[in-house]
Amino acid sequence: MKIALDVMGTDYGPKELVLGAVMAVKEYDCEVVLVGDEVTIRDLLKKYDEDTNPKLSIRHASEVIGMKEHPGIAVKTKKDASIVVATDLLRNKQCDALVSSGSTGAAVAAALFHLGRIRGVGRPAIATPIPSLTGTTVLLDSGAKVDAKPEHLVQNAIMGSVYAELMLNIKNPRVGLLSIGEEEIKGNEQTLATFPLLKDEKLIHFIGNVEGRDINSGVVDVVVCDGFVGNVVLKTAEGLATAILTMVKEAIMGGGMMAKFGGMLITPALRGLKKRLNPDAYGGALLLGVRAPFFICHGSSRANAIKNAIGAAVDGVKRDICSRIAEDIAMQTKADKVVGSLR
């Protein structure tokens, strides 16, 4: 199995991504194609003493798409950008999956223009796993598209259910629509129009509206919303987790000798909590609805997060998640046509 890794355009530069690839090929049964500036990548491989590793190869790309560039324009004009070259490797079946931690917008644009959507999918969605009290909750869309029609949210629910079942081993995952109240009559125009469609969808286990507090409580497995709301929720959760851990540390350090002694006793528990809340454990978020496994990582991802993302990509290929999504979307499309013909 071969994974394409876009190593350019990230917060920490190529060094963390190359190191993550080095770690991944040792842990997982895969090869990694490092896409980016060849000289830089080769120097880093020499630094890590991995320049002769047959599981690591290089595909040169002379351009980089920055975070502040317009994604669609940049993907169309920068033909030799690392994310474009990596996506072409995936499209041409020279690689089985792709991992990128560069511009999310550029990654989504490259996936749409150079890879293409699964037949019947209106809009791809980013599925982000979030820790909950009972395991993991999948939030989607967390940023692929900031506006969505009700029918797109229904497809998100179907794709999210497949993700939860195949990637997280959750049987008959519970699907909730993110709103401002549990009652069916609450929400904006988008959620009010989406609710009856989800209620009638036979391919999912819809439990109704859920609120923001339910995402981490364990009462729901898949939470559906549009990309604008989802991205705000995700960034808020990340910031809150970091703030809580920081405040606990400050309270211990500033609370006198007894507090420090107590802090020493609970240090193992706090380390376990930090590990559980760390998004690096999940590696990357899967872009659902495109023709091959396409993982998008945070721009500030360190080596361990990249290693885990590559591991998730290997898992996604093995579980053939894109084929299963294609099957379910085809079933939904066929059912919609039958219902339409009866009206």
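Reply:

**Helix packing in the chain**

Of the 343 residues in the protein chain, 49% are buried, where buried means under 20% relative accessible area, exposed means over 50% and partly exposed lies in between, with a 1.4 Å probe and protein chains only. This is a predicted model, in which local features need pLDDT of at least 70 and side-chain atom pairs count only at pLDDT 80 or more, while totals for chains, interfaces and linings use all residues. Residues are numbered from 1 along each chain as its sequence is written, and side-chain values use heavy atoms, with hydrogens and water left out.

The protein chain has 11 helices and 11 strands, these being DSSP runs numbered from the N terminus (helices are H or I with at least four residues, strands are E with at least two). Among its contacts between residues at least 6 apart in sequence, 74% join residues at least 24 apart, a contact being heavy atoms within 4.5 Å.

Two packed helices are described by the angle between their axes and the distance between the axes. Helix α6 (residues 150-167) and helix α7 (residues 189-200) have axes that come within 9 Å and cross at roughly 50°; axes here are lines fitted to C-alpha atoms over the stretch in contact, and angles run from 0 to 180 degrees between N-to-C directions. The helices α6 and α7 are therefore oblique to each other, since angles under 35 degrees count as roughly parallel, over 145 as roughly antiparallel, 65 to 115 as roughly perpendicular and the rest as oblique. On the α6 side the contact is made by Pro150, Glu151, Leu153, Val154 and Ala157, and on the α7 side by Gln190, Ala193, Thr194, Leu197 and Leu198. By class, this contact of α6 with α7 has 7 nonpolar, 2 polar and 1 charged residues, with Ala, Val, Leu, Ile, Met, Phe, Trp, Tyr, Cys and Pro counted as nonpolar, Asp, Glu, Lys and Arg as charged, and the others, Gly among them, as polar.

Another pair is formed by helix α1 (residues 14-27) and helix α2 (residues 38-47), which pack at an angle of about 55° with their axes 10 Å apart, and α1 and α2 are therefore oblique to each other. Their contact is made by Pro14, Lys15, Val18 and Val22 of α1 and by Thr40, Ile41, Leu44 and Leu45 of α2.

Finally, Asp328 lies in helix α11 (residues 321-342), and at 8% relative accessibility Asp328 counts as buried. Leaving aside neighbours within four places in sequence, Asp328 is in contact with Ile158, Val162 and Leu203.
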